[in-house]
Amino acid sequence: MLKIKNYSIFLLVLLLIVSCQENFDQRLKREAQSYTQNNCPQEVEAGLWLDSLSYDVPSRTYTSHYTASATNEQLLREQTPLLHHLLLQRLIDNTDYKDVKAQGVVFGYVYRSKTTKAVFYKTSIESSEYNTVSR
């Protein structure tokens with residue numbers, strides 16, 4: 001009887017420990033919110049600010065929200081056909097997101113105009129794009 005009681009207590013403690021841990025999606029959402037609160041907005045390049053990071057659990061999309069100055073907006077609009085490719089290459093080369101990429105997360109990018117506040121470019125990069133064999 002004592003053995004069964006000890007085993008039951010051990011199982012209960014183990015279940016409590018496991019149930020209190022965050023899963024990958026919850027952790028990524030919390031980290032995106034924390035990064036945004038502690039580091040945003042930040043100027044990542046002259047005239048380009050990272051406003052926030054967000055993670056949508058149902059769609060598994062990790063989104064970077066940017067604001068661009070009028071000059072950068074014009075440049076980015078002119079390079080729209082190339083912008084997706086440049087973002088993809090940056091993502092492939094970025095080792096900071098190794099674990100996130102391993103989970104097959106979608107990366108979203110939203111660029112907003114500083115002058116009009118309107119979104120002028122939005123794209124997403126699926127795992128099938130950044131996990132290609134031919135790099």
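T63 sits in strand β3 (residues 61–68); helices here (H or I, at least four residues) and strands (E, at least two) are DSSP runs, numbered from the N terminus. The model is predicted, so local features need pLDDT of at least 70 and side-chain atom pairs count only at pLDDT 80 or more, while totals for chains, interfaces and linings use all residues. Residues are numbered from 1 along each chain as its sequence is written, and side-chain values use heavy atoms, with hydrogens and water left out.

**Residue T63**

- T63 is buried, with a relative accessible area of 11%; buried means under 20% relative accessible area, exposed over 50%, and partly exposed in between (1.4 Å probe, protein chains only).
- Leaving aside neighbours within four places in sequence, T63 is in contact with S52, L53, S54, G108, Y109 and V110, where contact means heavy atoms within 4.5 Å.

**Sheet**

- An open sheet is formed by 5 strands in the order β1-β2-β3-β4-β5, and the pairing is mixed; two strands pair if DSSP finds at least two bridges between them.
- The edge strands β1 and β5 each pair on one side only.
- From one strand to the next, the twist averages 30 degrees.
- Helix α2 (residues 24–39) packs on the sheet and touches β1, β2 (48–56) and β3. The direction of α2 makes about 155 degrees with that of β2; angles run from 0 to 180 degrees between N-to-C directions, and axes are lines fitted to C-alpha atoms, for helices over the stretch in contact.
- Helix α3 lies across β2, β3, β4 and β5, and runs at about 125 degrees to β3.

- Strands β4 and β5 (residues 119–125) run antiparallel and are joined by 6 bridges.
- Y109 has T123 in β5 as its bridge partner.
- The hairpin has 5 residues between the strands, and K117 takes a positive phi near 70 degrees there.

**Helices α3 and α4**

- Two packed helices are described by the angle between their axes and the distance between the axes.
- For α3 and α4, the packing angle is about 90 degrees and the axes are 5 Å apart.
- That makes α3 roughly perpendicular to α4; angles under 35 degrees count as roughly parallel, over 145 as roughly antiparallel, 65 to 115 as roughly perpendicular and the rest as oblique.
- On the α3 side, L76, R77 and E78 meet T80, P81 and L83 of α4.
- The residues of this contact divide into 3 nonpolar, 1 polar and 2 charged; Ala, Val, Leu, Ile, Met, Phe, Trp, Tyr, Cys and Pro count as nonpolar, Asp, Glu, Lys and Arg as charged, and the others, Gly among them, as polar.

**Salt bridges**

- Side chains of opposite charge can pair when their charged atoms come close.
- There are 5 salt bridges in the structure, a salt bridge being a side-chain nitrogen of Lys or Arg within 4 Å of a carboxyl oxygen of Asp or Glu.
- E45 and R90 form one of them, with the closest N and O atoms 3.9 Å apart. Since E45 lies in strand β1 (residues 42–45) and R90 in helix α4 (residues 80–93), the pair ties together parts that are 45 residues apart in sequence. E45 is partly exposed, at a relative accessible area of 43%.
- R77 pairs with E73 in a salt bridge, the closest N and O atoms being 2.9 Å apart. Both residues lie in helix α3 (residues 70–78), 4 residues apart, about one turn of the helix. R77 is partly exposed, with a relative accessible area of 45%, whereas E73 counts as buried at 11% relative accessibility.
- The side chains of R30 and E22 also meet in a salt bridge (2.8 Å, N to O). R30 is partly exposed at 40% relative accessible area, and E22 is partly exposed at 39%.

**Residue Q103**

- Q103 is placed in the loop between α5 (98–102) and β4 (106–113).
- With a relative accessible area of 39%, Q103 is partly exposed.
- Leaving aside neighbours within four places in sequence, Q103 is in contact with F24 and R60.
- Q103 and F24 are 79 residues apart along the chain, and their C-alpha atoms are separated by 8.7 Å.
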